Amino acid sequence: MGRSVSYPSGAIVAFTVLEVENDDDWDFEYEWLREDLRERAGQAFPSLIAHDGWRGREDRILMRNAYADFGVSVYAGLVAVWIVERDDDAYWDADWRTARSPRAQRWLSQIAPRFEALFGDYVCLGHMSNGEGVYAKRVA
């Protein structure tokens, strides 16, 4: 499969596909995906709480904790489920007082293998010269 989807720089990313048979069902399927991701992430990582926001124009934040934003980005049916260190004013204000960033990076590195296993159905094999990614189904 060859496609591209955006996600925040530095994120841990897992890829899956949003299959919509009828264009009229796209909003329903996207909402179902978001709720499913919130439920699974909340069970796997209890420190995450619901949060509705954006990182840029395309990357939707679904949940966050003291260290990270958890979210989703979709393009042409390819879904990037990601988690990345927070990048908002409140986070950096708190970091200035208590140096959260090293703890955030340690937490993210600890959860990375579990995150990818929970949310990734595809692996990115690389990118072509035009920036389009090449993905393969993850072997069970």
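Modeller: Let us begin with handedness: a crossing is left-handed if the near helix is turned anticlockwise from the far one by less than a right angle, and right-handed if clockwise. Helices (H or I, at least four residues) and strands (E, at least two) are DSSP runs, numbered from the N terminus. The crossing of H1 and H3 is right-handed. This is a predicted model, in which local features need pLDDT of at least 70 and side-chain atom pairs count only at pLDDT 80 or more, while totals for chains, interfaces and linings use all residues. Residues are numbered from 1 along each chain as its sequence is written, and side-chain values use heavy atoms, with hydrogens and water left out.

Biologist: At what angle do helix H1 and helix H3 pack?

Modeller: Two packed helices are described by the angle between their axes and the distance between the axes. Axes are lines fitted to C-alpha atoms, for helices over the stretch in contact, and angles run from 0 to 180 degrees between N-to-C directions. Here H1 (residues 26–44) and H3 (residues 100–119) pack at about 145 degrees, their axes being 11 Å apart.

Biologist: Which residues of H1 and H3 meet?

Modeller: Contact means heavy atoms within 4.5 Å. From H1, Leu37, Arg40, Ala41 and Ala44 meet Arg114, Leu118 and Phe119 of H3.

Biologist: How many residues has the largest nonpolar core?

Modeller: In soluble globular proteins, nonpolar side chains tend to be buried together. A nonpolar core is a set of buried Ala, Val, Leu, Ile, Met, Phe, Trp, Tyr and Cys residues joined through side-chain atoms within 4.5 Å; buried means under 20% relative accessible area, exposed over 50%, partly exposed in between (1.4 Å probe, protein chains only). The largest such core has 24 residues, and Leu37, Phe45, Phe70, Ile83, Phe115 and Phe119 have the most contacts inside it. H3 gives the most to this core, with six residues. Beyond its neighbours within four places in sequence, isoleucine 83 is in contact with residues including Phe70, Trp107, Ile111 and Phe115.

Biologist: Is serine 73 buried or exposed?

Modeller: Serine 73, in strand S5, is buried, because its relative accessible area is 1%. Its side chain reaches the backbone oxygen of serine 6 at 3.2 Å.

Biologist: Where is glycine 133 found?

Modeller: Glycine 133 belongs to strand S8 (residues 133–137) and is buried, with a relative accessible area of 0%. Glycine 133 and serine 4 lie 129 residues apart in sequence and 5.1 Å apart in space, C-alpha to C-alpha.

Key: Polar contact = N/O pair within 3.5 Å; in protein donor to acceptor, adjacent residues only side chain to side chain.
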